[in-house]
Amino acid sequence: MSSRGAGSFAATRPVTGTWIRRQEAAGAVVVFAVIAAVHAAGTGIISDLNRVSASGEVLFPAAGITVAALLLLPRRWWPVVLAAAFCSELVADLVMGEAVVTAAGSAVAVTVGPAVGAGVVLAWAAEPLSLSRRRQLAAFVAGPAVLGAGVAALIGAAAALFMQPHGAFVTVLARWWTSGALGVLIVGGLLVAWLTESAWPIRPRHPVAEGCGLAVCAGVLTWLAFWAWRPGLTYLCLVPLGWAAVRFGARGATAVAALMAVAGEWGTVTDHGLFAAISHDHVQALWLVQLFLAVAVLGGLVLAGQVAELARTEAALRDSERAEQQARLADRKSTRLNSSHITI
């Protein structure tokens with residue numbers, strides 16, 4: 001009887017193992033396809049914008065998409081994510097007419113850079129990633145946005161200038177670095193914030209109404225700032241960013257920053273808005289927009305983190321006071337019980 005049971009159990013093990021392997025393979029295919037498609041979409045959007053104007057890109061969304069995928073998925077999926085990013089970038093560059101060496105260098109850059117940045121985050125921030133905590137936010141900025149984007153810029157700029165020396169190495173390196181860093185901060189920050197933050201720092205009484213009002217305010221002010229060119233209103237688009245950071249945390253701050261980035265890049269590359277009017281040099285206008293967006297998104301994330309930290313401190317203080325009150329009530333009850341026993 002026992003031998004038959006053991007035999008039947010042994011017979012079912014390979015079937016179970018095969019089913020698990022098939023599920024893992026199917027999951028890998030899905031992850032590869034989704035990352036490759038989204039990565040290609042980000043690269044295609046930037047390519048279309050570059051055809052509109054020769055100013056280059058303000059941010060590189062594909063870098064943020066790859067970093068977010070690495071940080072949000074388990075490490076066993078990293079080879080799939082990196083392979084998808086590599087293949088997507090390689091195919092996209094070849095389709096757009098880049099030389100094989102340049103395309104291969106770009107593909108290596110968008111693979112190695114995010115991997116280095118994500119590794120720094122996991123090594124530095126031991127706790128689960130949350131942009132509303134100072135340590136994790138510092139790791140996210142220093143790792144993928146600074147170090148990872150810098151590594152990708154070195155590889156990409158070297159590959160680009162190796163085949164087509166069309167500019168100074170420092171200039172090309174800086175353009176790669178700044179666009180990759182902003183892609184990580186804005187696109188990667190948006191994905192990480194919305195998929196990891198579980199609670200609002202301050203719970204609005206009417207979240208839907210306030211969120212709609214915030215969206216309308218942000219849309220109008222960003223249109224005025226980056227399209228209609230109202231010099232006195234340009235920096236007023238920081239008002240909805242601060243509003244979103246205080247009331248809706250990192251989720252709100254990254255959403256408004258993404259809106260500002262889209263409006264800022266589209267307006268500047270089509271010669272609209274304040275920054276295009278300040279400088280008729282497209283490259284200089286690019287730097288001005290990038291500087292503005294970098295300061296804005298970092299300020300919004302820091303403000304959101306500080307508000308969340310204060311909310312956590314207040315919640316811990318309330319819990320401590322509640323626990324202390326319960327302990328006092330328990331002491332009073334025990335004192336009354338002891339006194340009643342003594343009386344008896």
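The protein has ten helices and zero strands, where helices (H or I, at least four residues) and strands (E, at least two) are DSSP runs numbered from the N terminus. Before you start: this is a predicted model, in which local features need pLDDT of at least 70, side-chain atom pairs count only at pLDDT 80 or more, and totals for chains, interfaces and linings use all residues. Residues are numbered from 1 along each chain as its sequence is written, and side-chain values use heavy atoms, with hydrogens and water left out.

**Exercise 1. Get the overall picture**

Task: work out the order of the elements from the N terminus on, and what share of the residues is buried.

Solution. Start at the N terminus and read off the elements: α-α-α-α-α-α-α-α-α-α. Next, burial: 42% of the 344 residues are buried, with buried meaning under 20% relative accessible area, exposed over 50%, and partly exposed in between (1.4 Å probe, protein chains only). Last, look at contacts (heavy atoms within 4.5 Å). Of those with a separation of 6 or more, 73% join residues 24 or more positions apart.

**Exercise 2. H2 against H6**

Task: find the angle at which H2 and H6 pack, and how far apart their axes are.

Solution. Step one is geometry. Helix H2 (residues 61–72) packs on helix H6 (residues 169–196) at about 40 degrees, with axes 7 Å apart. Axes here are lines fitted to C-alpha atoms, for helices over the stretch in contact, and angles run from 0 to 180 degrees between N-to-C directions. Step two is the label: H2 and H6 are therefore oblique to each other, since under 35 degrees counts as roughly parallel, over 145 as roughly antiparallel, 65 to 115 as roughly perpendicular and the rest as oblique. Step three is handedness: the H2 and H6 crossing is right-handed. A crossing is left-handed if the near helix is turned anticlockwise from the far one by less than a right angle, and right-handed if clockwise.

Now the residues. H2 contributes, among others, Pro-61, Ile-65 and Leu-72, and H6 contributes residues including Gly-180, Val-187 and Thr-196. The contact sorts into twelve nonpolar, five polar and no charged residues. For that count, Ala, Val, Leu, Ile, Met, Phe, Trp, Tyr, Cys and Pro are nonpolar, Asp, Glu, Lys and Arg are charged, and the others, Gly among them, are polar.

**Exercise 3. H3 against H4**

Task: are H3 and H4 roughly parallel or roughly antiparallel?

Solution. The axes of helix H3 (residues 78–95) and helix H4 (residues 100–124) come within 8 Å and cross at roughly 150 degrees. That makes H3 roughly antiparallel to H4. The crossing is right-handed. On the H3 side you'll find Trp-78, Phe-86 and Glu-89, among others, meeting H4 residues that include Val-100, Thr-111 and Leu-122. By class, this contact has 15 nonpolar, three polar and two charged residues.

**Exercise 4. An aromatic cluster**

Task: count the aromatic pairs, then classify the one between Phe-226 and Phe-292.

Solution. There are four aromatic pairs in the structure. Rings of Phe, Tyr and Trp (its six-membered ring) pair if their centres lie within 6.5 Å; planes under 30 degrees apart are stacked, over 60 edge-to-face and the rest tilted. Phe-226 and Phe-292 have ring centres 5.8 Å apart and planes at 75 degrees, so the pair is edge-to-face. It links distant parts of the chain: Phe-226 is in helix H7 (residues 207–228) and Phe-292 in helix H10 (residues 282–343), 66 residues apart. Check burial too: Phe-226 is buried at 2% relative accessible area, and Phe-292 is buried at 8%. Finally, zoom out: ring pairs link Phe-226, Tyr-235, Phe-275 and Phe-292 into a cluster.
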